[in-house]
Amino acid sequence: MDIEKIRTMAIEPIVQSYDKRDTILFALGLGYGADPLDEGELPFVYEKDLRCLPSYANILCHPGFWAQDPQFGMDWVKILHAEQDLVMHKPLPATGTIRGEYRVAGLEDKGEGRGALLHQEKLLYDIANGDHLATVRSTLFLRGNGGKGGFGDRMAPAEPVPDRRPDKVVEIATLPRQALIYRLSGDWNPLHADPAIARKAGFDQPILHGLCTNGLANRAILASYCDNDVARFKSMFVRFSKPVMPGETIRFEFFEEGGGKLRFRAVAVERDAVVLDRCLAAVA
């Protein structure tokens, strides 16, 4: 792995436009519309009074899977998404043109044979008025790299969820083909579509995108704590602890801490496996 090339990598601001089809497709990739009589979800999948999900910010203006570029020397097949932090400053417009400013914030070396953590930051701005809409930070776990040193910033350690019964539980079923729908919104990592690539990475089948699981958490919070009002959703941090297999049911366990602060985790019901842990959200 070439640390200096990663540290000095520069990506020009990325401008992306999206229309009502893009907004609706993203919501469909998160399973919205499964119940055609659920009027609470209708604004996310119907152009009348259309709303854009906050978690769409995670993939807007994405620079692509640049880790595949051989010049960086990264074992990209073994890369896993470790953490994702989203702060909404203003709601995303239902349709619009967004500018994304991207940087590699730091590389945290875990040691030879133990991998490394790559921290990235993205700022999103509305081209129409210059508003700063969102700040997105993400961490990738480079399982096949490590022992080469590091640089820059790192995310603060995440706190465990409380050791008590959750205040609210929400279950969302995923589809066996969910990853194939979700990837149409721009996350083209073949790990989520190609069985051969999945086997090389150590999985029996293509796994669900971490950001799809993240979006399901966004969906659960909006429905349970925001009355599906996107303006009330302020922030969300998740740690990806285990992959989700398309078709599994995800149980979200929420712990209310007052002042709109939530801690939560997510469990794949069929395996009783915690797939998101040490998560934190804020709502108005």
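Me: How does the lining of the largest pocket split by class?
Reply: The lining has 21 nonpolar, 14 polar and five charged residues. Nonpolar means Ala, Val, Leu, Ile, Met, Phe, Trp, Tyr, Cys and Pro; charged means Asp, Glu, Lys and Arg; the others, Gly among them, are polar. This is a predicted model: local features need pLDDT of at least 70, side-chain atom pairs count only at pLDDT 80 or more, and totals for chains, interfaces and linings use all residues. Residues are numbered from 1 along each chain as its sequence is written, and side-chain values use heavy atoms, with hydrogens and water left out.

Me: Which residues lie nearest the centre of that pocket?
Reply: Leu80, His81, Leu140, Asp187 and Leu211, out of 40 lining residues. Elements giving two or more residues to the lining are strand 2 (79–88), strand 4 (116–126), strand 5 (132–142), helix 6 (210–225) and strand 11 (273–283). Helices (H or I, at least four residues) and strands (E, at least two) are DSSP runs, numbered from the N terminus.

Me: How much space lies in the largest pocket?
Reply: About 730 Å³. On a 1 Å grid over the protein atoms alone, a pocket is an open set of points with protein on both sides within 12 Å along at least five of seven lines; a cavity is a set where a 1.4 Å probe fits but cannot get out; lining residues have an atom within 4 Å of a point. Points are joined across faces, edges and corners, and the volume is the space filled by probe spheres set on them.

Me: And cavities, how many of 30 Å³ or more?
Reply: One. The largest cavity holds about 30 Å³. Trp76, Val77, Ile79, Asn189, Leu191, Ile197 and Ala201 line it. By class, that lining is six nonpolar, one polar and no charged.

Me: Switching to Ala116. Buried or exposed?
Reply: Ala116 is buried, at 1% relative accessibility. The cut-offs are under 20% for buried and over 50% for exposed, with partly exposed in between (1.4 Å probe, protein chains only). Ala116 sits in strand 4.

Me: What does Ala116 touch?
Reply: Leaving out residues up to four places away in sequence, Ala116 touches Leu107, Glu108, Asp109, Lys110, Leu140, Phe141, Leu142, Asn145 and Gly146. Contact means heavy atoms within 4.5 Å.

Me: How far is Ala116 from Arg278?
Reply: Their C-alpha atoms are separated by 20 Å, and the two are 162 residues apart along the chain.

Me: Whole chain now. What's the secondary structure?
Reply: Six helices and eleven strands. The C-alpha atoms fill a box of roughly 50 × 45 × 40 Å along the principal axes.

Me: How much of the chain is buried?
Reply: Of the 284 residues, 50%.
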